[in-house]
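Visitor: I am new here and would like to know what stands behind the labels. Please show me the structure, then let me ask.

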Amino acid sequence: MQFIDFDKEILKEIEDLDKNVKEKLKKIADEWNSTMTKLQSKTEMTSIEKLENEYKKLSELLDKNIEINNEWTNLKEKISKNKNIDDTQKYIFHETILKMQGFILLEIYKCSSDFNRIGNYINEKKREDLKDKIMKQKDQLLTFNDELEVQSEKLINNEAIIKKQNKKIKINNRKIDRYDKRVLEMMGIFLTIFSILGMNVLTIPSIKYI
């Protein structure tokens, strides 16, 4: 293989890679713009979950851009290690590769800027949602505390009512005890009277026969 043939082989490899890269970058750019449109749509992005799903796509697309850049870096290293290419040719090839990589890195920078901005927005959204949840829980705790205070007041009132009822019961029990005592006393008196009357009745006939 002559030197000029090797140059042509390298140039062909660069041209093929350049063509493939442009096609890949266009596809990635279209997907990126579509995803960004969704992320910036207020009507479609209604929850953190949807935001994160679209954000994940951006991460995957950004990784693809980095992979494309790595392909050029690998080609550059391959040329650098090849001893059959002189330094002048290597310099020319490297300049061609660096020019293409400059364009790719610019795309990566633009995507990274969007990626970071959306990431910050999602984190802020999460903080707002968490803050709202905390506030709701705080309101629920305050409501629960108010309900506990109301229940506590009811319990205190019920205890006071129970004490009054117990007091009334004790008073009534004492009255009942006194009443029962009086009834027993009266029954005792009546029994005494009846027994006296009974004795008199029994003695009357005997008096007649005297």
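Visitor: How many helices and strands are in the protein?

Guide: There are three helices and zero strands. Along the sequence the pattern reads α-α-α. Helices here are DSSP runs of H or I with at least four residues, strands are runs of E with at least two, and both are numbered from the N terminus. The model is predicted, so local features need pLDDT of at least 70 and side-chain atom pairs need 80 or more, while totals for chains, interfaces and linings use all residues. Residues are numbered from 1 along each chain as its sequence is written, and side-chain values use heavy atoms, without hydrogens and water.

Visitor: Why is asparagine 65 called buried?

Guide: Its relative accessibility is 2%. Buried means under 20% relative accessible area, exposed means over 50%, and partly exposed lies in between, with a 1.4 Å probe and protein chains only. So asparagine 65 counts as buried. Asparagine 65 sits in helix 2, residues 48–81.

Visitor: What does asparagine 65 touch, not counting residues up to four places away in sequence?

Guide: Asparagine 65 touches Leu25, Ile28, Ile104, Glu107, Ile108 and Cys111. A contact means heavy atoms within 4.5 Å.

Visitor: What share of the protein is buried?

Guide: Buried residues make up 19% of the 210 residues. As for contacts with a separation of 6 or more, 75% join residues 24 or more positions apart.

Visitor: What makes glutamate 71 and lysine 24 a salt bridge?

Guide: Their closest N and O atoms are 3.1 Å apart. A salt bridge needs a side-chain nitrogen of Lys or Arg within 4 Å of a carboxyl oxygen of Asp or Glu. The pair therefore qualifies. Glutamate 71 lies in helix 2 and lysine 24 in helix 1 (residues 3–39), so the bridge ties together parts 47 residues apart in sequence. Glutamate 71 is partly exposed at 29%, and lysine 24 is partly exposed at 37%. In general, side chains of opposite charge can pair when their charged atoms come close.

Visitor: How many salt bridges does a search of the whole structure find?

Guide: The search finds ten. One of them joins lysine 126 and glutamate 52, at 2.5 Å from N to O. That pair links distant parts of the chain: lysine 126 is in helix 3 and glutamate 52 in helix 2, 74 residues apart. Lysine 126 has a relative accessible area of 38%, so it is partly exposed. Glutamate 52 is partly exposed too, at 31%.

Visitor: What separates lysine 26 and aspartate 30 in helix 1?

Guide: They are four residues apart, so about one helical turn lies between them. Their side chains meet in a salt bridge of 3.2 Å, N to O. Lysine 26 has 54% relative accessibility, so it counts as exposed. Aspartate 30 has 41% and is therefore partly exposed.

Visitor: How do you know that lysine 90 has no salt bridge?

Guide: The nearest side chain of opposite charge is aspartate 87, 4.7 Å away. For charge, Lys and Arg count as positive, Asp and Glu as negative, and His and the chain ends are not counted.

Visitor: Which backbone oxygen lies 2.9 Å from a polar atom of the lysine 90 side chain?

Guide: It is the backbone oxygen of serine 80. Leaving aside neighbours within four places in sequence, lysine 90 is in contact with Ile79, Ser80, Asn82 and Ile85.

Visitor: Where is glutamate 13 found?

Guide: Glutamate 13 is in helix 1. At 28% relative accessibility, glutamate 13 counts as partly exposed. Not counting residues up to four places away in sequence, glutamate 13 touches Leu75 and Lys78. The C-alpha atoms of glutamate 13 and leucine 75 are separated by 8.8 Å, though the two are 62 residues apart along the chain.

Terms used:
A polar contact is a pair of N or O atoms within 3.5 Å; within protein, one must be able to donate a hydrogen and the other to accept it, and residues adjacent in sequence count only if both atoms are side-chain atoms.
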